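Subject: Handover of a structure and a summary of the findings

Dear colleague,

Please find the structure below, with its sequence.

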Amino acid sequence: MSKILARCLLGLSTLLPALAMAAGVSIIPEPQHLQLGRGSYRLDAHTRVEAPKDARGREIATFLRDAIRAQTGIAVREGAGAHAIELKLDPAVQGEEAYHLTVTPQQVTVSASTDQGLFWGVQTLRQLLPLEKSTRAEIPAMRIEDAPAYAWRGVMLDVSRHFYPVSFIEKQLDLLSYYKINTFHWHLTDDQGWRIQIRHYPKLASVGAWRTEADGTRYGGFYTQAQIRQVVDYARRRNITVIPEIEMPGHSVAAIAAYPGLSCGKKQVAVTTAWGVHKNIDCVGDESTFTFLQNVLDEVLPLFPSPYVHIGGDEVPKDHWHDCASCQALMHKLGLKDEEGLQSYFIRRIQKYLESKGKTLVGWDEILEGGADKHAVIEAWRGADEQAKALANGNRVVVAGPFYIDRALDSLTVQDVFRTDIANDSSPNDAKADAAVFAAHRAQLLGAEAPLWSERANPYNAESKLYPRVLAFAENLWRGNAHDDAAWADFHRRLQAQYPRLDAWHVAYGPEDRAVVQYAIAAEAKGRWLLHAQRGFDDLVNHYTLDGGVPTASSPSFTDAVTLHRGGTLQVVPFRKGLRYDNPASFTLVDNLATGKPLRLAQPVSPKYAPAHALTDGVQGGDDFHNGQWSGWNDADVDAAIDLQKPTKIHAIAVDFLQDTGSRILPPQAVSFQVSGDGKHWTTVDAERPKADVMDSRPHVFHVAFQATKPLDARYVRVVANRYTVLPAGFPDGAANTWLFADEILVK
């Protein structure tokens, strides 16, 4: 090829996206081949939609007509005609999801060899329609030949940690389908909630679907089998396969709460409110466990036509199996050397059962531990090395690790999602052999998923985590091979054109590379606080209350900052374009003699959490140690002294500590309150030992307080909290790497 020709082709490749944008063409994911033509097709009330006569063909045609009317206001009718939109099945179009779309001034033709391809062609056609309602619309003439690079383009929603109504899920299915996501992975069960009705075991819904939160409220919900069928069919009509996940043998606390006999200990437990990994798991040594799981699967499988069933298999601590007589007897009977072999036995047995029902097992990459059957599909989340192991083992692989969209928007940006290459998902820290393994086993790479775990996601903020990152994910998986600067610049231009569409659909999407909002609060003069909001959007508005009520769009509001003139329970919620963007951020503002006073710490706080001045800012921390109000110490005691700057009558001293064993946060073993007149000689006025069960996985806030029988005169106040240095034998990894978390040191 001559240099002149090469330069011409390069210039043409750069020019084509610009020409497409100028013609009003902004398709995501970008088609593999698009050639603009001359003129445009006029869409109006005379337009007809002609489709195959089979049931699915008629269904797709109805979907298109409804979509045209909803978006443009134009009511097109069914039937053939000289100026029609023709949907046709053409065996010459190669590829299960491939389609061709031809637009001329005379006709629009969508052709594909399958219903799947035909539907994707319709979705592309929808993106060529204007948003404005009118009596006519112009569609630019063009020729598109398109097919996806990867067959598995999925989004996972965890509904166990937070429950999402059917209406929310159907809205997401509409959006995912619009951008050609073809797999919805429905994470239906976990430690914090069982979300699917099983008639054979009614307590899974009546008990396992509900938990008691720290404030005593009951939280939960479940989907009836009728609702499951409704969602699955709604997805089917939008070209999306729904894959259920029923977690086993770990992440089973909710099921065990309903039926304690599932566990090795057979003890009654509550559905947990704590995140993290829990040791209470299905008992592999009891045959009744498999009877239960097979009965559950017998009700689940008919609800989901998908060829795949996800069984989790991740994060399975085997302590209870090690201490269980029946598990150890089974291990010796089978000649297994350790409990990892029991996990492999468990997975293989469930896999065999699923195969007898015509289903393929999918599991997280931990199912490789102990040796997984190569026929299982591995969802790789722990990095490229695990992905390479699965490929080398002969398994088909779905990549999830790089796309955890529960991550903060500034730590996994839209550009990060776009640039990730799942076919070469290795970093300098991974084994150098990985790249060679990826290349040798490329055909086993099914595609990828973007999981939305819901520890910190809820129905109000989930969309800001999903979008626009899902659009970059859809582009990445459909195109498959364009991650460079030029491709990013072109995608980013097309992304801007999608925001008006998301606005029209009332989607609470987030910024591309920063948090929606970050709140900070500081004490000013006595009885006043300044609440500051670092906003990710210039048009975001914050509404707040001071009486503990949930703010609405009519509550008092501010943009960047507001001065609060009295204490109370502050609740603040971000709104944008009339949409609520999150659950309330909550702060308790209290009058405190220590507010703003000099503070001395014997051991510095961890820089990962709230700075030291959060201990004396007049703001109590709530129950979320990530909210910027909790200061943390790792493997250290707390020794905090406050100078009140003058002799003061003291009636009470109090401080809150947190327990969250899943995050290795423990309350102190002992707390002492001390006072002094000179800051050198201290008098202990009270010593407390919080009554804590360190093995309890439920989050707790411990309010530790001293109440004087008569006022004390002192200038200095000191709080000393001693951590646990010895823990029960069952506490994982002992007392090393444990935390103390404290919030406001309150002096009255």
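Seven bridges connect strand E20 with strand E21 (residues 529-535), and the two run antiparallel. Strands (E) are DSSP runs of at least two residues, helices (H or I) are runs of at least four, and both are numbered from the N terminus; two strands count as paired if DSSP finds at least two bridges between them. In general, the strands of a sheet pair through backbone hydrogen bonds, either parallel or antiparallel.

These strands belong to an open sheet of three strands in the order E20-E21-E24, with antiparallel pairing. Strand E20 (517-523) and strand E24 (561-564) are at the edges with a single partner strand each, so one side of each has no neighbour in the sheet.

Please note that this is a predicted model, in which local features need pLDDT of at least 70 and side-chain atom pairs count only at pLDDT 80 or more, while totals for chains, interfaces and linings use all residues. Residues are numbered from 1 along each chain as its sequence is written, and side-chain values use heavy atoms, with hydrogens and water left out. The mean pLDDT (the predictor's confidence in each residue, from 0 to 100) of the chain is 93, and 95% of its residues reach 70 or more. Over residues 5-15, however, pLDDT stays under 50.

On a 1 Å grid over the protein atoms alone, a cavity is a set of points where a 1.4 Å probe fits but cannot get out, and lining residues have an atom within 4 Å of a point. Grid points are joined across faces, edges and corners, and a volume is the space filled by probe spheres set on the points. Five cavities of 30 Å³ or more were found in the whole structure.

The largest cavity has a volume of about 80 Å³. It is lined by 13 residues, and Trp194, Glu247, Ser252, Ala255 and Asp282 are the closest to its centre. Strand E10 (189-190), strand E14 (241-248), helix H7 (253-258) and helix H8 (287-300) each supply at least two residues of this lining.

The second largest cavity holds about 50 Å³ of space. Its lining consists of Val155, Met156, Leu157, Gln172, Leu176, Phe184, Leu452 and Leu466. Strand E8 (152-158) and helix H4 (166-178) give two or more residues each, and E8 gives the most, with three.

Yours sincerely

Terms used. Contact means heavy atoms within 4.5 Å. On a 1 Å grid over the protein atoms alone, a cavity is a set of points where a 1.4 Å probe fits but cannot get out, and a pocket is an open set with protein on both sides within 12 Å along at least five of seven lines; lining residues have an atom within 4 Å of a point.
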